[in-house]
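Please read the points below with the model open beside them. They are meant for a colleague who has not seen this structure before.

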Amino acid sequence: MSTGPSTGPSTGTRTGASTDVAIATSGLTRSYGATTALEGATLALEAGRVHGLLGRNGAGKTTLLRLLTGLDRPTAGTARLLGEDPFENPRLAGRFCFVKESQVYPESFRVHHVLRAASLLFPRWDDDRAAELVDRFALPTRRPVKKLSRGMTSALGVVVGLAARAEVTLFDEPYLGLDAVARQLFYDALLEEVALEPRTVVLSTHLIDEVDHLLERVVVVDHGRVVLDADADEVRGSAVEVTGPSAAVDAFTGGRRLLRREVLGGTARATVATRATREERARADRLGVDLAPVSLQQVVVGLTTAAEPARPLQEVLR
Ligand SMILES: Nc1ncnc2c1ncn2[C@@H]1O[C@H](COP(=O)(O)OP(=O)(O)OP(=O)(O)O)[C@@H](O)[C@H]1O
């Protein structure tokens, strides 16, 4: 969490009226000894939108978020947050909020101390909103933070992240320990918040199906590389599920990027990178296979299951 006045412009709207870039990276790379956690990430995330940062364990998501928020320095390349180099930059104080699991609070802090501190740190902090969210998550305000359950600690991070109303809010797997009801509360509150006070959100998560409806833009990181940076709708429409007799499914998918294939008896089901155009539908009819839309999760899982870094999906579809 950080402090200072915010004089920045509105970060845009969910209708996409603004094309300001809130986060930009160029060739961003971070190595730890022989491990390259992030390699050559080049991104431009639009202001005022909700971005999903997706990828498997160890893909490089937290590394990217730490570089974007100035908690770490790149080995090569650049990161810009609201146009600024984020590393130890007081001009960014209070303009962004990074909600992470490993948040450390002073030893003696109770929940209400955290909320009070956040209200001083973030110039657009909304007290009423914070109180309402504390209620919704049933957070015990007088309990010492170190005595909170894991889920309550996550809920406290979520309350701070949402009530801070920072220009850029970054959540790194904010749901750890939250039960299904609490996660739904978070998703609902996030939707309400961005509708009320548009802001740039980056949500790193593994629960892709759960957040599918929230995401406007998707960034997928795989083995330290950005393999997809696209509108969520574009991603959903970038692949289809093909079902039918194995030979017919293979004939349909031949020459196209196969994201996944399962066989049960003589029937195959495959996820393949192609758009359900009129031509593809006609071809499916001729071959006797069914086409169905796929979810964001199916595309992301298909893209990131290989042991090697995936080829960017955009390249495959070009
Ligand atoms: N301080 C560090 N020292 C050495 N290696 C590190 C360090 N931080 C991260 N790594 C390595 O960099 C890679 C990327 O890690 P990172 O935490 O960014 O992944 P992630 O996508 O956030 O994973 P998860 O979804 O499991 O949280 C991993 O191989 C990790 O072990």
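1. Just after H1, glycine 70 has a positive phi of about 75°. Helices are DSSP runs (H or I) of at least four residues and strands are runs (E) of at least two, numbered from the N terminus. This is a predicted model, in which local features need pLDDT of at least 70 and side-chain atom pairs count only at pLDDT 80 or more, while totals for chains, interfaces and linings use all residues. Residues are numbered from 1 along each chain as its sequence is written.

2. Helix H1 (residues 61–68) is mostly covered, with 8 of its 8 residues buried. A residue is called buried if 20 or more other C-beta atoms lie within 10 Å of its own, exposed if 12 or fewer do, and partly exposed in between, with C-beta atoms placed from the backbone. The buried residues of H1 include Lys61 and Arg66 as well as Leu64, Leu65, Leu67 and Leu68.

3. For the protein as a whole, the secondary structure comes to 11 helices and 13 strands. Of its 318 residues, 42% count as buried. Among contacts between residues at least 6 apart in sequence, 72% join residues at least 24 apart; two residues are in contact if their C-beta atoms, placed from the backbone, lie within 7 Å.

4. The largest nonpolar core has 85 residues, and those with the most contacts inside it are Leu156, Val159, Val160, Leu170, Val218 and Val220. Such a core is a set of buried Ala, Val, Leu, Ile, Met, Phe, Trp, Tyr and Cys residues joined through C-beta atoms within 7 Å. Helix H4 (residues 150–163) supplies the largest share of this core, 8 residues. At least three residues come from each of domain 1 (21–230) and domain 2 (235–317), the bounds being taken from an automatic or database domain assignment.

5. Two residues of H4 can be looked at individually. Leucine 156 touches Val111, Val114, Leu139 and Leu148, leaving aside residues up to four places away in sequence. Serine 154 lies in H4 and counts as buried, with 25 C-beta neighbours inside 10 Å.

6. How do H3 and H4 cross, and at what angle? The axes of helix H3 (residues 127–136) and H4 come within 9 Å and cross at roughly 155°. Axes here are lines fitted to C-alpha atoms, for helices over the stretch in contact, and angles run from 0 to 180 degrees between N-to-C directions. H3 and H4 are therefore roughly antiparallel (over 145 degrees; under 35 is roughly parallel, 65 to 115 roughly perpendicular and the rest oblique). Arg129, Ala130, Leu133 and Val134 of H3 meet Val159, Leu162 and Ala163 of H4.

7. The axes of H4 and helix H5 (residues 180–196) come within 11 Å and cross at roughly 5°, so these two helices are roughly parallel. On the H4 side the contact is made by Gly151, Ala155, Val158 and Leu162, and on the H5 side by Ala182, Phe186, Ala189, Leu190 and Glu193.

8. Arginine 165, at about 50°, is in the loop between H4 and strand S6 (168–172) and is partly exposed, with 19 other C-beta atoms within 10 Å. Glutamate 88, at about 45°, is in the loop between strand S4 (76–81) and strand S5 (96–99) and is exposed, with 9 C-beta neighbours inside 10 Å.
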